Amino acid sequence: MTHTPGPWQIGGELISQKGTNKEIASVWAHSANRKFSPRQSEADANARIMAAAPEMLEALQVLAEWPRKSITVDGEWLNYSTVELANIRRFAREAFAKATG
């Protein structure tokens, strides 16, 4: 079994699959009824990282598929074009930005 495909989005207390009504998770903040839940700012951060999970998983999969024989010489990667490396770094930065707000 696999996870629900992304992208995921935040809507109030719910994380859902973008473009559908499929609910993935609920994120609650502290209230009178939820005394053991995190503060609102922490709940918001939790929601962001959960919503970014599909993109972060995909970025990690891209990184994991790099050939093992690649090495660096004077800080430069061998076996990869500058464009390929720039695209991989951009992809990872976008996933990180979504997760951290």
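1. A word on terms before we start: a residue counts as buried under 20% relative accessible area, as exposed over 50%, and as partly exposed in between. Glutamate 94, with a relative accessible area of 45%, is therefore partly exposed. Please keep in mind throughout that this is a predicted model.

2. Let me stay with glutamate 94 for a moment. Its side chain meets that of arginine 90 in a salt bridge, at 3.1 Å from N to O. Both residues belong to helix α3 and sit four residues apart, about one turn of the helix. Arginine 90 has a relative accessible area of 38%, so this residue is partly exposed too.

3. How many salt bridges does a search of the whole structure find? The count is three. Another of them joins the side chains of lysine 98 and glutamate 55, with 3.0 Å between N and O. Lysine 98 lies in helix α3 (residues 82-100) and glutamate 55 in helix α2 (residues 53-64), so this pair ties together parts that are 43 residues apart in sequence. As for accessibility, glutamate 55 is buried at 18%, whereas lysine 98 is partly exposed at 28%.

4. Arginine 34 and glutamate 13 also form a salt bridge, and their closest N and O atoms are 2.8 Å apart. Here the partners come from loops: arginine 34 from the one between β3 (23-26) and α1, glutamate 13 from the one between β1 (8-11) and β2, so parts 21 residues apart in sequence are tied together. Arginine 34 is partly exposed, with a relative accessible area of 28%, and glutamate 13 is partly exposed as well, at 36%.

5. Now to the sheet. It is open and has three strands in the order β1-β2-β3, with antiparallel pairing. Which strands form its edges? They are β1 and β3, each of which pairs on one side only. From one strand to the next, the twist averages 25°. Helix α1 packs on this sheet and touches β1, β2 and β3, and its direction makes about 160° with that of β1.

6. Between β2 and β3, which run antiparallel, there are three bridges.

7. Serine 16 is worth a look in the viewer. This residue sits in strand β2 (residues 14-17). Is serine 16 buried or exposed? At 11% relative accessibility, serine 16 counts as buried, because the cut-off is under 20%. Beyond its neighbours within four places in sequence, serine 16 is in contact with Pro7, Trp8, Gln9, Lys22, Glu23 and Ile24.

8. Finally, the nonpolar side. In soluble globular proteins, nonpolar side chains tend to be buried together. In this model, the largest nonpolar core has seven residues, namely Trp8, Ile15, Val27, Ala29, Ala43, Ala47 and Ala51. Helix α1 (residues 40-51) supplies the largest share of this core, with three residues. Valine 27, one of the core residues, touches Glu13, Ile15, Ala43, Asn46, Ala47 and Met50 when residues up to four places away in sequence are not counted. Glu13 on that list is also the salt-bridge partner of arginine 34.

Conventions. Residues numbered from 1 in each chain as written. Predicted model: local features only at pLDDT ≥ 70, side-chain atom pairs only at ≥ 80, totals over all residues. Heavy atoms only, no water. Helix = DSSP H or I, 4+ residues; strand = E, 2+ residues; numbered from the N terminus. Buried < 20%, exposed > 50% of the residue type's maximum accessible area, 1.4 Å probe, protein only. Contact = heavy atoms within 4.5 Å. Core = buried A, V, L, I, M, F, W, Y, C linked by side-chain atoms within 4.5 Å. Salt bridge = Lys/Arg side-chain N within 4 Å of Asp/Glu carboxyl O. Pairing = 2+ DSSP bridges. Axes fitted to C-alpha atoms, helices over the stretch in contact; angles between N-to-C directions.
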